[in-house]
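Colleague: I'm new to this one. Could you walk me through how to read it?

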Amino acid sequence: MVKVIITIGRQFGSGGREVGRKVASSLGIPFYDKELLAVAAKESGLSAQFLEDYDEKPTNSLLYSIVVGQSHMLMHGNGRISVEQMASKAQRDAVMSVASKGSCVIVGRCADYILREEPGLVRVFLSASKEDRIRRICERDGMTEDKARDKMRRMDKARRSYYSFHADGDWGEAYNYDICINVSRFGIDKTVETILQYVKA
């Protein structure tokens, strides 16, 4: 198979991880979501817990930290680097590393932007109705509808801010992607099939 890198941006609770896993399994290629943190930890020497704490969280961005006066600076080489920058660089390097090794599916982490010059890149964005997303969050995380609704709003806001800070574009806007799918209209399996058809085409 010709090398293909599939990146999946997603609204929180839209089923991005499940879709990504099934696409990767169907193609017989590696899948990375939280797994990317393990790669970043191994290659950077940073702890997995440290990277988890800064994973897709815009309130830990350098800009935010400077504004509120909470940026933690460390000596690095001949200069200073914030822990936020260190975590961001480790994830960026991990995205580029796994992509350099061959075909794969990567969920989130601005991978669509980081790999924008990569040949064979397919950029996907998944959305779903609020009702379906809340139901999925309730079932997956074992919480009430009110808590699921609040978490959905917080996570979508966080992902939008994270993407805006790290990428030159707008999260969820169609022009940033090759294919946008409403999972509520298609369902998980049909969404997977549609992505596979697009990749093959």
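Modeller: Let's start with helix α7, residues 130–141: its 12 residues reach 16 Å from first C-alpha to last, close to the 16 Å expected at 1.5 Å a residue. That expected span is 1.5 Å times one less than the number of residues. Helices here are DSSP runs of H or I with at least four residues, and strands are runs of E with at least two, numbered from the N terminus. This is a predicted model, where local features need pLDDT of at least 70, side-chain atom pairs count only at pLDDT 80 or more, and totals for chains, interfaces and linings use all residues. Residues are numbered from 1 along each chain as its sequence is written, and side-chain values use heavy atoms, leaving out hydrogens and water.

Colleague: Which residues of α7 are buried?

Modeller: Buried means under 20% relative accessible area, exposed over 50%, and partly exposed in between (1.4 Å probe, protein chains only). In α7, Arg-133, Ile-134, Arg-136, Ile-137 and Cys-138 are buried.

Colleague: And how do I read a salt bridge?

Modeller: Side chains of opposite charge can pair when their charged atoms come close. The rule is a side-chain nitrogen of Lys or Arg within 4 Å of a carboxyl oxygen of Asp or Glu. Arg-133 pairs this way with Asp-156, at 2.2 Å from N to O. The two link distant parts of the chain, with Asp-156 in helix α8 and Arg-133 in helix α7, 23 residues apart. Arg-133 has a relative accessible area of 3%, and Asp-156 is buried too, at 10%.

Colleague: How many salt bridges does the structure hold?

Modeller: It holds 18.
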